Amino acid sequence: LCLYLFLFLSLSLSLSRSPLSDPIRKRNELFLISTRDTMLPLLNFRACQSRLGQVVASRFFATSCARPCRHRAPQFNKLWSPEKPIVSQPYARGGLQAWITTLWNERLGMMELDTSVFGARPRIDILHRLVVWEQACRRSGTAKVKNRGERYGTTRKFRRQKGTGRARHGDRRAPTFVGGGRAHGPRPKDWSYYLPSKVRELGMRTALSVKYAQGDLYFVDQLDLPSSSRTKLEAIKDYHQWRSVLFVREEPDWETIIYPNYTDNFFKAAGKVEKSTCVTLNELSVYEILRHDKLVLTVSAARMLEQYLHAT
């Protein structure tokens, strides 16, 4: 028994001194991580107990961190974001220019436009959302029909339950009879819903940019007529060959005013001419811009739109 014990201890001591059973070599296992270029060795950093293991691990981690990463997640361009229009310089006026004319197309000078307002990326989906939202908000929601409890008539059972050989019925006001109530009919409802202000501003910028890109946007010094007669405005439309036009003017207190001054001569004349509308800035909407072929803005109204719709 003592001899066997001595042999076992000597064998275990010899195996412990062999390089194959080195505890540091045994604990510092070598793992391989497949990358795009080659197989890089990775040491278990916590298991590095010797100086050699620490040096190897520190060198590997230093070189791997200093090496440029080739497996980054795709970075999408912010300019193509749904909420950001493509603009080169947000506040730089100089990329877009337009003529300032009179109502009779007499050129008075050039004006520089804000590229974030009149040069935004066309977003058809945003225009569709704005049009659907505006039409939903314009719905009165007063449609209503009478159900069987609201129809005039008696509630008496008009024939007995059994013995007639016919179907079972109650009163004559049931929806199955002529003159009865309506089942699941329309009721008074508010169809309006909330749309984020950023989406509304982006839709307005998109509509103005589309009009500018198509050449359907005009800038005039002022909208004024000597009288409220429709003759002058019809002559202007025939001169420009406008089929439908939307005139947009400003008000001195356009942020607080609710109803414009409809006693103005231009407002009266626009109301008399077919397919011509004159609105103020607080009444301007994407649906009205898209509904008309041409858009006419005063210079002061354009500057107020740039101040309000500027994209930072």
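## The overall picture

How many helices and strands are there in the protein chain? The chain has ten helices and eight strands. Keep in mind that this is a predicted model.

Of the 312 residues in the protein chain, 33% are buried. As for contacts between residues at least 6 apart in sequence, 67% of them join residues at least 24 apart.

## Where α5 meets α6

Let's start with a pair of helices. Two packed helices are described by the angle between their axes and the distance between the axes. For helix α5 (residues 124–138) and helix α6 (residues 197–213), the angle is about 115 degrees and the axes are 9 Å apart. Angles of 65 to 115 degrees count as roughly perpendicular, and α5 and α6 are therefore described that way. The crossing of α5 past α6 is left-handed.

Which residues make the contact? From α5 come Ile126, Leu127, Arg129, Leu130 and Trp133, while α6 brings Val199, Arg200, Leu202, Gly203, Thr206 and Ala207. Sorted by type, the residues of this contact are seven nonpolar, two polar and two charged.

## The two sides of α7

Now to helix α7, which covers residues 230–240. Its buried residues are Leu233, Ile236, Lys237 and His240. Looking down the axis of α7, you find these buried residues within an arc of 95 degrees, so they line one face of the helix.

What do the buried residues of α7 pack against? Their partners are β6 (245–249), α8 (265–272) and β7 (276–280).

Most residues other than glycine have a negative phi, and most peptide bonds are trans. Here are two residues to check against that background.

Is Gln241 buried or exposed? Its relative accessibility is 70%, so Gln241 counts as exposed, the cut-off being over 50%.

The other residue is Lys275, in the loop between α8 and β7. Lys275 is not a glycine either, and it has a positive phi of about 60 degrees. With a relative accessibility of 43%, Lys275 counts as partly exposed.

Note on methods:
Residues are numbered from 1 along each chain as its sequence is written. This is a predicted model: local features need pLDDT of at least 70, side-chain atom pairs count only at pLDDT 80 or more; totals for chains, interfaces and linings use all residues. Side-chain values use heavy atoms; hydrogens and water are left out. Buried means under 20% relative accessible area, exposed over 50%, partly exposed in between (1.4 Å probe, protein chains only). Helices (H or I, at least four residues) and strands (E, at least two) are DSSP runs, numbered from the N terminus. The arc is that of the directions from the helix axis to the C-beta atoms. Contact means heavy atoms within 4.5 Å. Axes are lines fitted to C-alpha atoms, for helices over the stretch in contact, and angles run from 0 to 180 degrees between N-to-C directions. Angles under 35 degrees count as roughly parallel, over 145 as roughly antiparallel, 65 to 115 as roughly perpendicular and the rest as oblique. A crossing is left-handed if the near helix is turned anticlockwise from the far one by less than a right angle, and right-handed if clockwise. Ala, Val, Leu, Ile, Met, Phe, Trp, Tyr, Cys and Pro count as nonpolar, Asp, Glu, Lys and Arg as charged, and the others, Gly among them, as polar.
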